[in-house]
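Subject: Structure handover

Hello,

Here is the structure we discussed. Please open it alongside this message; my notes follow below.

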Amino acid sequence: MLGLLRVHIHRGVNLAIRDLRSSDPYVIIRMGKQKLKTRVVKKNLNPVWDEDLTLSIVEPLPVKLEVYDWDILSADDKMGDAEFDFTPFWEAVKMNFDDLPNDTIITTVKPTRTNCLAEESYITWTNGRVVQNMVLRLRNVECGEIELKLSWINVPGCRNM
């Protein structure tokens, strides 16, 4: 294991309606065989989860994110998906910063056709750790974005980067 990737799922913005007038959204993140899920926020197209989901990193694989509408009587409806490559973040973690001023921008990741970024994303040195805030535009749906933050947790005894 290399360490732990903490994915802070902050909120959804302008998510799609999947029930009569609203949706009951939750987020699933996947990396390799790992699958983690947020709680359901009832009747809200702009939900605030403010939840930390932590993935064990063995190798830097893409992270897949899916948003669903929870339904009690039928299968949950898909509300879009996104994917991000956390290689730029991983490269910043491997640089082993420790003496940078707080909120120093290490690198900028620009939106492209191959990533789901809705806007530029900055990888920064914040409060003694590498952090990346990002806004992901959901695919395969009419509208919606997810705001999240990545941070790295070193685990004693993990193999060197």
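Tyr-68 is buried, at a relative accessible area of 16%. Buried means under 20% relative accessible area, exposed over 50%, and partly exposed in between, with a 1.4 Å probe and protein chains only. Tyr-26 is also buried, at 6%.

Before the rest, the ground rules. This is a predicted model: local features need pLDDT of at least 70, side-chain atom pairs count only at pLDDT 80 or more, and totals for chains, interfaces and linings use all residues. Residues are numbered from 1 along each chain as its sequence is written, and side-chain values use heavy atoms, with hydrogens and water left out.

Aromatic pairs

Rings of Phe, Tyr and Trp (its six-membered ring) pair if their centres lie within 6.5 Å; planes under 30 degrees apart count as stacked, over 60 as edge-to-face and the rest as tilted. The count comes to four aromatic pairs. One of them is Tyr-26 with Tyr-68: the centres are 5.8 Å apart and the planes at 20°, so this pair is stacked. Tyr-26 lies in strand E2 (residues 25–31) and Tyr-68 in strand E5 (residues 63–69), so the pair ties together parts 42 residues apart in sequence. Helices (H or I, at least four residues) and strands (E, at least two) are DSSP runs, numbered from the N terminus.

Trp-90 and Trp-152 form a tilted pair, with 5.0 Å between centres and 55° between planes. Trp-90 belongs to helix H1 (residues 87–94) and Trp-152 to strand E10, 62 residues apart. Trp-90 is buried at 5% relative accessible area. Trp-152 is buried at 6%.

Around Tyr-26

The charged end of Lys-37 sits over the ring of Tyr-26, 4.7 Å from its centre. The rule here: NZ of Lys or CZ of Arg within 6 Å of the ring centre and within 35 degrees of the ring normal. Lys-37 is in strand E3, opposite Ile-28. E2 and E3 (residues 34–37) run antiparallel, joined by four bridges. Strands pair if DSSP finds at least two bridges between them. The two form a hairpin with two residues between them, and Gly-32 in the turn has a positive phi of about 60°.

Strand E10

Which strands pair with E10? Strand E1 (residues 3–13) is antiparallel to E10 (residues 145–153), with nine bridges. Strand E9 (residues 129–137) is also antiparallel to E10, with seven bridges. Ile-146 in E10 is the bridge partner of Gly-12, and Leu-136 stands opposite Ile-146.

The core

The largest nonpolar core has 39 residues; Leu-5, Ile-9, Leu-65, Phe-86, Ile-146 and Leu-148 touch the most other members. Such a core is a set of buried Ala, Val, Leu, Ile, Met, Phe, Trp, Tyr and Cys residues joined through side-chain atoms within 4.5 Å.

Ile-9 is in strand E1. Ile-9 counts as buried because its relative accessibility is 0%. Beyond four places in sequence, its contacts (heavy atoms within 4.5 Å) include Val-27, Leu-53, Leu-65, Ile-146 and Leu-148. Ile-9 and Leu-53 are 44 residues apart in sequence, yet 7.5 Å apart in space, C-alpha to C-alpha.

Record

UniProt, in an unreviewed entry, places "domain: C2" at residues 1–102. The end C-alpha atoms of that span lie 28 Å apart, and the span is 8% helix and 46% strand.

Best wishes

Terms used. UniProt positions renumbered as here; feature names shortened; annotations may be inferred.
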